[in-house]
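Me: I have a structure open that I have never looked at before. Could you walk me through parts of it?

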Amino acid sequence: MSQPLLEITNLGKRFGGFVALEGINLTVQRGERVGLIGPNGSGKSTLVNCVCGTLSNETGSVYFDGQDMNGLSAHQRTHRGMARSFQLPRPFGSLTVQDNLRIPLLYTVNARAHTAADTQTRSHLSPAEIDARCAELLGLVGLADKADKLPRDLTQIEMRKLELARAMAADPKLLIADESMAGLSQSEVADIVALLIKLNERGITIILIEHIMSAVMSFSQRLVVLVSGRKIADGKPEAVVNDPQVIGAYLGQ
Amino acid sequence: MRTPIFFIVALLCGTAVFGAALWSGNDYIFYAGYVVLHFIVLATAWNILGGYCGYVNFGSAAFFAIGAYSTIALHKLGTNISRYFPDAIAPVAELIMPLPIPVLILIGGCIAGLVGLGTGYLTLRLRGAFFAIATLALAVVLQTLVVNWEFVGGARGAYVIAPQTLSIGNFELRYIHYLAFIMIVLVVIAITVARLIERSRLGYGFASIRDDELAAEACGVPTLRLKLIATTISGALMGMAGAPFPYYINYLDPASAFNLSYGVNSIAMPMIGGTTSWMGPLVGAIIIATLQQWMTVTFSSEWGVLFAGALLIIFVILAPKGIVGHAQDFLRRRRQQAGANR
Amino acid sequence: MDFTLLINALIAGLLLGGFYAAVTVGISVAFGILDIVNIAHPGFIILGAYIAYIVNQSFGVDPILIAVVVLPAFYALGALTYQIYYLSFERYGQEALRGLAFFFGLLFVTEVALILVFGVDYRYVQADYIDRVFRFGPFAIPMRMLIPCVLSLLMVWLLHLYLSRTFTGRAIMAVSQDQQALRLMAVDPIRIKRIAFAVSIGTAALAGAFLIIIQPVEPSVGREFIGRVFAICVLGGLQSLPGTVIAALSLGVIESITTTYAGPSWAPAVAFGVLLLTLALRPAGLLGR
């Protein structure tokens, strides 16, 4: 299976006169662990938005699993196997933590069960199975005791864990974690990295967007650096962090 | 409680209320009660799109009037068969016309539902604010069309004379009692539908759209499709509430059918009663509509409508969860305290 | 083809359009810049019209003068309204449902309150110039339309200058794009928004005076303007004042021609029809934010 899972070609996005992304080329192979780093405002989240369909790109193309994503809405791309967490958590405020996880289970996992097009045949989850899956996911991120709480009762850190769990609930082929670890302690960071590596071993391709370099280095098989909307480095982590351009633009600070 | 059981229980309660009203011998209860009942349907219908999905509809009057004017148009056709139907079809028309009210309700509901679907399709891709304004635009455009449509009376209005009684077998029912009972059935249908949605996968989807549409899309919720479903169901129920109205009021003109008070009431009642549960619009409609009837009789109809508008503003600012919402909060806190004290 | 009729309809349309610009500019600020869907704006305008009516009736003062005097009160009213809106909805992110319901309630309560106080009869003001008509050849320019039109365009131009040349004005334009940057400059974005909203309601005082000079008013007239205002906003581009003026003039002309050739009973539908068409056919320009 040499066909890459995600192929971004010459992606460009502007907001009025402001060029957020320009000429982005990125290929992600199945099963890879890619780290994406760069200064604030360099366009990382914009890139995620364009890939996932929340924003539409003006130039370039996004091919996922061999299919052109052009014209597909965000929910259609999620059905095809993408999932992402938002950099600023966007929980469903009137639903409990557990019910937040129900949404992707009901609307992505169960929706896929009806599409023959999906190569990963999943069976339709019964309500009991959904409950079990929710509990399992909450346990994985350490939110098991908060299942019945509302998002407004959670701390920022707990909300980020909920974001990650919700993305995981969609049973994706590609998981994009956007700054899920901000504010976590050393051991919590290590826990989440271990969790992501375990997910990766199960077959999920992961793109990790982070500022916490320890996490990025221990997690990534490949490192991509974005500065001012352009990709300036893409390669093995050790090589990238020693690249003078990268040090000058981001790491040296 | 499973849905079919809920439906039967609600129907039995409604029938009991109906029976009590009959026994009282006071027909005024039926005339005033009809108004309260059709507002319950309107409020419940509004809440499916507004409270559950978070999309405000200012044009409830439009959907209500679609139901009413479908009835007027069909009534006109039915009472003038020789004039409007070619001879070939006339005998068939004679047989089925005038259409019974339940059929008119279905037709009114279908047309209103389709209009809701169409409006939604045109505007739901935009922000909620544009959808809200579009619904207001729809109400004005439809009103202008009806004002210029001579067949249903135009600006002068139309008369719809209902029989005094209805015979079912050997049993004779006064027409107002028949209308009131139909409305009770419609109320039961509306709250059953609302409750069914609340507890279903659809209800979760609606809530996710209301809370954060962008995140809902990212989670795989087909937001446009769900919004269209909500708009269609909501519009259809409002049309169904409007269909029997001409037979109740006997004379209808566009100014009354498209009255903005329908728009305000259908927003005020759920927001005051509570938007997160099927009980909210029910409670809100009963309280507001009853008080409005009293105010209309004691002062004037404007006072009744002013009351609803003022209460809407106050509740939206001070008690956003509505009566039912705050009551549920209160009960939950009592339970938590009781649990903590044990 | 009766050219006189057509030209007079065009003139009336342009004059009306100029006035529509004054009506819309308040929404351009509130909705276009602050993202506040103030559908109660026409209610404030009608309120202004009735205030002009009362004072004009009792003391014979020119309505525009009344509006200028009353402007600070409307400014204060706008500031108060924004404060309530912000404290109750905006800071919780509840504007979509509750904020809309709030403004709808305001619009409605204003209309019904006016009905209760003044009844549904049409009211009008008296001033010397109202009945005068400029005639040249077969063409007529009524003063009651020319003066409000000219003053409306003047008001819009002054607002444009304010927004582009003064510090506060530019802060208002900036608040829609980057609140964080404003904070870094030690400017409180909430205060800026409050000023902006207060200004938008201030324009309603003047627009109300213009309205009652152009035509007699009764409480439900405000509702017709909701469609016009949002149609113009959407057509003209939400943040562009020049675009608003062009769209306003265009709508005035379309309405005037429709009324002249198809009759006044179709007039209310024109603006709303234009709005529905625009929303339906131009989604790309209006999707999301």
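This is a predicted model: local features need pLDDT of at least 70, side-chain atom pairs count only at pLDDT 80 or more; totals for chains, interfaces and linings use all residues.

Me: How many residues of chain A are in contact with chain B?

Reply: On the chain A side there are 24 residues, and they are in contact with 17 residues of chain B. Helix H2 (74-79) and helix H3 (97-112) of chain A each supply at least two residues of that side, and the largest share, eight residues, comes from H3(A).

Me: And what kinds of residues make up that side of chain A?

Reply: The residues of chain A that touch chain B divide into eleven nonpolar, eight polar and five charged.

Me: Switching to chain B, is helix H14 mostly covered or uncovered?

Reply: H14(B) is mostly covered, with 14 of its 14 residues buried. Helix H14 runs over residues 260-273 of chain B and reaches 20 Å from its first C-alpha to its last, which is close to the 20 Å expected at 1.5 Å a residue.

Me: What follows H14(B)?

Reply: That is B:Gly274, whose phi is positive, near 125°.

Me: Now chain C: at what angle do H9 and H10 pack?

Reply: Helix H9 (residues 221-236) and helix H10 (residues 241-262) of chain C pack at an angle of about 125°, with their axes 8 Å apart. Because of that angle, H9(C) counts as oblique to H10(C), and the crossing of H9(C) and H10(C) is right-handed.

Me: Which residues make the contact?

Reply: Among them are C:Arg228, C:Ala231 and C:Ile232 of H9(C), together with C:Gly243, C:Thr244 and C:Leu251 of H10(C). The residues of this contact between H9(C) and H10(C) divide into eight nonpolar, three polar and one charged.

Notes. Residues are numbered from 1 along each chain as its sequence is written. Chains are lettered from A and ligands numbered from 1 in the order in which they are written. Two residues are in contact if their C-beta atoms, placed from the backbone, lie within 7 Å. Helices (H or I, at least four residues) and strands (E, at least two) are DSSP runs, numbered from the N terminus. Ala, Val, Leu, Ile, Met, Phe, Trp, Tyr, Cys and Pro count as nonpolar, Asp, Glu, Lys and Arg as charged, and the others, Gly among them, as polar. The expected span of a helix is 1.5 Å times one less than its number of residues. A residue is buried if 20 or more other C-beta atoms lie within 10 Å of its own, exposed if 12 or fewer, and partly exposed in between; C-beta atoms are placed from the backbone. Axes are lines fitted to C-alpha atoms, for helices over the stretch in contact, and angles run from 0 to 180 degrees between N-to-C directions. Angles under 35 degrees count as roughly parallel, over 145 as roughly antiparallel, 65 to 115 as roughly perpendicular and the rest as oblique. A crossing is left-handed if the near helix is turned anticlockwise from the far one by less than a right angle, and right-handed if clockwise.
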